[in-house]
Amino acid sequence: MKLTQGCFSFLPDLTDDQITKQVQYCLANGWAVNIEFTDDPHPRNTYWEMWGLPMFDLQDAAGVMMELGECRRVYGDRYIRISGFDASHGWESVRISFLVNRPKQEAEFELVRQEVGGRAIRYSTVRKVATHASQ
């Protein structure tokens, strides 16, 4: 199951050239760029681990791509995303975020329904236990 989080998530995975162009777009807009990684991509897990500090005042995407390459080397078995943060007054928020790396075996989630008092229904997203087919 392909995890769909962030921009471009329903498109094929971005190539490094496409990632470079998106990073350059962030830098051209004056946004800080950061790299994050996790092994828990649950939709409510917003606290991914940061790879270094956010990169402010960069002019060229090559610096970000160099850091991305190093992050992939160390954490290539995890999800990695790039975010562009706009610190300008009125926004002060992430403007773009997209996955740039996925593990070979993607996490799978299922929706669990629970009936509670008053005929109400609650839904929870839970991670499915990985089952590997024997070869």
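F98 is a buried residue in this predicted model, at 1% relative accessibility, where buried means under 20% relative accessible area, exposed means over 50%, and partly exposed covers what lies in between, computed with a 1.4 Å probe on protein chains only. Its partner F8 is partly exposed, at 29% relative accessibility, and the two rings form an edge-to-face aromatic pair, 5.6 Å centre to centre with 70 degrees between the planes. For the cut-offs, rings of Phe, Tyr and Trp, the last taken by its six-membered ring, pair if their centres lie within 6.5 Å, with planes under 30 degrees apart called stacked, over 60 edge-to-face, and the rest tilted. Because F8 sits in the segment before α1 (16–28) and F98 in strand β4 (residues 93–101), this pair ties together parts that are 90 residues apart in sequence. Helices here are DSSP runs of H or I with at least four residues, strands are runs of E with at least two, and both are numbered from the N terminus.

A word on how to read the model: it is predicted, so local features need pLDDT of at least 70 and side-chain atom pairs count only at pLDDT 80 or more, while totals for chains, interfaces and linings use all residues. Residues are numbered from 1 along each chain as its sequence is written, and side-chain values use heavy atoms, with hydrogens and water left out.

Staying with the rings, a search of the whole structure finds 4 aromatic pairs. One of them joins Y25 and W31 edge-to-face, at 5.6 Å centre to centre and 85 degrees between the planes; Y25 is partly exposed at 44%, whereas W31 is buried at 7%. Ring pairs also link F37, W51 and Y75 into a cluster.

R81 lies over the face of W48 at 4.0 Å from the ring centre, and R95 lies over the face of W91 at 3.5 Å.

Now to the sheet. Four strands make an open sheet in the order β2-β1-β3-β4 with antiparallel pairing, two strands being paired if DSSP finds at least two bridges between them. The edge strands are β2 and β4, each pairing on one side only, and the twist averages 20 degrees from one strand to the next. Strand β3 (residues 79–86) pairs with β4 over 7 bridges, and S83 stands opposite S97 in β4. Helix α1 packs on this sheet, touching β1, β3 and β4, and its direction makes about 165 degrees with that of β4; contact means heavy atoms within 4.5 Å, and axes are lines fitted to C-alpha atoms, for helices over the stretch in contact, with angles from 0 to 180 degrees between N-to-C directions.

Which loop holds N45? N45 is found between β1 (32–38) and β2 (49–55), and N45 is buried, with a relative accessible area of 17%. Leaving aside residues up to four places away in sequence, N45 touches T38 and D40, and its side chain reaches the backbone oxygen of D40 at 2.5 Å.

For the whole protein, the elements come to 2 helices and 6 strands, running α-β-β-α-β-β-β-β from the N terminus on. Of the 135 residues, 33% count as buried.

Key:
Polar contact = N/O pair within 3.5 Å; in protein donor to acceptor, adjacent residues only side chain to side chain. Lys NZ or Arg CZ within 6 Å of the ring centre and 35° of its normal.
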